[in-house]
Amino acid sequence: MPELPEVETTRRGLLTKVIGQTILRVTVRDRRLRWPIPTNLEKLLEGRVVTGISRRGKYLLWDIEASSGGGILLCHLGMSGSLFTTRLSTPHAKHDHVDITLGNKVLVRYHDSRRFGAMLWIAGAIPSHPLLDTLGPEPLGDHFDGAHLFNASRERTVSIKEFIMNAHIVVGVGNIYASEALFAAGIRPTTPAGRVSHRRYDLLATAIQRTLARAIDAGGSSLRDYVKVNGEPGHFQLSANVYDCATKPCRVCGTLIKTIRQGQRSTYFCPHCQR
DNA sequence: CGAGAGTCCTGAAGGC
DNA sequence: TGCCTTCAGGACTCTC
């Protein structure tokens, strides 16, 4: 399940193989993702050059250059999607929905069994799109800190865990890292967001940044079906403190980790360390 | 506007 | 062995 570290790991893995390459051919086998893949995507991409790949939240943005006005290929991996490179001769497997053949004979393949992902086109060089324009700050960028969380949370009754998972507040904090960051900050996930102090939001902001940065350094998590661009699994699961650790002893105090449901999602926390 | 539920989808896992 | 149910999860969309 790709979260921000997995998406960033994917971006870095793709960079060296696609920058400066001409897209020779695009093959779409199934357009039914979260939204349909545009029927003219092949025509928009073929013959054009990839000049960069950036990331906004969990969206990957491919800069596509063209003499007659370029654009941006917007990709989201949903929760079961992956982008990986392989050889042209590799036969496609079930749920391999899109192939992008590059001039250097590298094949970029999009795989997504649950089809919650997206592949859309933004015309022009400016990454403006309804999906992007309302997003909150990047957790590892300059505009994210405890003050931002504190100010955005006043009068909010939603739980702190659901609050930090809201992409309009801050992008890239998914279910796994939300539990991990709250554990690191010692905050109970059920606490109403509006009742968390500025001091504790400072701790939480730092915890979010450290948790994500560590996961990126480790190459992303591999809790379910995530694999890196080269097909190897990530390793964050080895250092998860609470996620998927129900009834296991807390690494800090030994109290049994508890799991609850919040917003139809599983939350894990230590009843002793998090208050 | 905020909060909460519903929704898309497939595959793994567990129960009987 | 095999069917049925439950769970997993990002994030938009709808309702109140």
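A nonpolar core is a set of buried Ala, Val, Leu, Ile, Met, Phe, Trp, Tyr and Cys residues joined through side-chain atoms within 4.5 Å; buried means under 20% relative accessible area (1.4 Å probe, protein chains only). The model is predicted, with local features needing pLDDT of at least 70 and side-chain atom pairs counted only at pLDDT 80 or more, while totals for chains, interfaces and linings use all residues. Residues are numbered from 1 along each chain as written, chains are lettered from A in the order written, and side-chain values use heavy atoms, without hydrogens or water.

The largest nonpolar core has 33 residues. Those with the most contacts inside this core are L149, I160, F163, I164, Y201, L204 and I208. Two or more core residues come from each of α5 (160-164), α6 (175-185) and α7 (198-217); these helices are DSSP runs (H or I, at least four residues), numbered from the N terminus. Beyond four places in sequence, I208 is in contact (heavy atoms within 4.5 Å) with P139, F144, L149, I164, V173 and A181. A second, separate core has 28 residues, among them L33, L44, L60 and W121.

DNA strand B is surrounded by K94, H95, S113, R114, R115, F116, R156, T157, V158 and Q264; near means a residue heavy atom within 4 Å. Of the DNA strand B atoms within 4 Å of the protein, 59% belong to sugar or phosphate. The rest belong to bases.

A polar side-chain atom of R115 lies 3.1 Å from a phosphate oxygen of DNA strand B.

Note on methods:
Buried < 20%, exposed > 50% of the residue type's maximum accessible area, 1.4 Å probe, protein only. Polar contact = N/O pair within 3.5 Å; in protein donor to acceptor, adjacent residues only side chain to side chain.
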